[in-house]
Amino acid sequence: MKTLAVVLQGPRELALTHLALDEPTEQDVVVDIEWSGISTGTERLLWSGRMPHFPGMGYPLVPGYESVGVVRSAGRDSGGTVGKRVFVPGAKCFGEVRGLFGGAASTVVLPGARTLAFEAGDDASAEQGVLLALAATAHHVSSAGGGAQPDLIIGHGVLGRMVARIAVALGAAPVVWETNALRREGGQGYQVCDPAADTRRDYRSICDVSGDASLLDTLIGRLAPGGEIVLAGFYDELLSFTFAPAFMREARIRIAAQWQPQDLAAVRSLMQSGRLSLDGLITHRAQATEADSAFRTAFGDPACLKMVLDWRSCK
């Protein structure tokens with residue numbers, strides 16, 4: 001059994017390649033992917049060659065951890081159902097080609113327990129399923145901190161918007177900083193402003209999704225006493241801060257790492273209840289055969305919030 005997959009051969013070296021798939025076990029499902037998202041955080045670092053070393057990291061590598069597809073076959077002990085649409089958070093099924101993420105392929109093999117079934121009324125809502133991992137990442141910002149929602153969010157890209165929408169859905173009214181005027185539109189129940197126009201210095205919880213390692217001193221200066229900064233971006237440069245201002249505020253710094261299964265279940269519930277909308281976050285689409293140009297657009301066009309690859313014609 002083979003699949004067509006996006007393969008990062010090295011920094012800025014992307015190919016669409018046929019790969020042999022591992023043989024599925026009784027715990028596995030085989031999923032035909034319909035759509036996969038391109039991450040402008042971790043996958044940008046992989047594509048550019050700036051990703052810090054992690055176990056399993058290296059080239060060649062199949063990216064993608066935001067995929068939606070339909071179960072083609074299901075092992076006896078997989079818990080999967082043939083014909084069911086599922087969210088796929090990646091796969092490791094490509095033999096010697098690394099699958100640190102592994103969702104950007106026409107067909108994947110993975111344990112059924114790692115998939116998440118969800119209902120979709122039409123193709124548009126099914127396509128939005130690629131945003132589930134991003135929504136779970138945003139939800140983890142507050143769930144890992146005891147449920148306290150941020151009142152200041154740094155960055156109005158797709159992750160910043162998701163953090164803000166979840167905060168609003170859970171009763172908060174955050175402010176979002178965005179330096180790019182093109183990205184200040186689209187707030188839903190929250191204020192988006194230029195940081196230079198904000199004079200507040202009493203934020204209780206600041207969530208940074210910008211990935212800008214130089215911002216810590218600025219953000220510490222905006223905290224209320226005992227406030228917290230949550231680092232929810234991905235940083236490829238050294239993080240440092242001046243101690244005295246942080247000491248005077250008794251500041252706390254927390255890292256929001258990878259989402260957990262309970263975050264995924266929570267955002268699915270918010271979506272199904274109508275409290276969380278994913279509308280307007282997918283701004284660009286491309287056929288999977290146009291993956292190289294799609295990746296370059298996703299990482300180079302400020303107007304691109306989320307790029308989605310369409311795999312439906314690649315069967």
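Q: Buried means under 20% relative accessible area, exposed over 50%, and partly exposed in between (1.4 Å probe, protein chains only). On that scale, is Phe247 buried or exposed?

A: Phe247 has a relative accessible area of 59%, so Phe247 is exposed. The residue lies in helix H6, where helices (H or I, at least four residues) and strands (E, at least two) are DSSP runs numbered from the N terminus. This is a predicted model, in which local features need pLDDT of at least 70 and side-chain atom pairs count only at pLDDT 80 or more, while totals for chains, interfaces and linings use all residues. Residues are numbered from 1 along each chain as its sequence is written, and side-chain values use heavy atoms, without hydrogens and water.

Q: Where does Phe243 lie, and is Phe243 buried or exposed?

A: Phe243 also belongs to helix H6. Its relative accessibility is 57%, so Phe243 counts as exposed. From C-alpha to C-alpha, Phe243 is 9.9 Å from Ile220, at a separation of 23 residues in sequence.

Q: Which residues form the nonpolar patch on the surface?

A: A patch takes residues with over 30% relative accessible area and no salt bridge; like charges are joined within 9 Å, nonpolar side chains (Val, Leu, Ile, Met, Phe, Trp, Tyr) within 5 Å. A salt bridge is a Lys or Arg side-chain nitrogen within 4 Å of an Asp or Glu carboxyl oxygen. Here the nonpolar patch consists of Phe241, Phe243, Phe247, Met248 and Ile253, with about 590 Å² of accessible area together (Shrake-Rupley method, 1.4 Å probe, only the protein chains shown counting as cover for residues). Helix H6, residues 243-249, contributes the most to the patch, with 3 residues.

Q: Where is Arg12 placed, and what is the value of its phi?

A: Arg12 is in the loop between strand S1 (2-10) and strand S2 (13-20). Its phi is positive, near 60 degrees, in a residue other than glycine. Arg12 is partly exposed because its relative accessible area is 46%.

Q: Is the peptide bond from Tyr59 to Pro60 cis or trans?

A: The bond from Tyr59 to Pro60 is cis, with omega near -5 degrees. Pro60 is found in the loop between helix H1 (42-48) and strand S4 (67-74).
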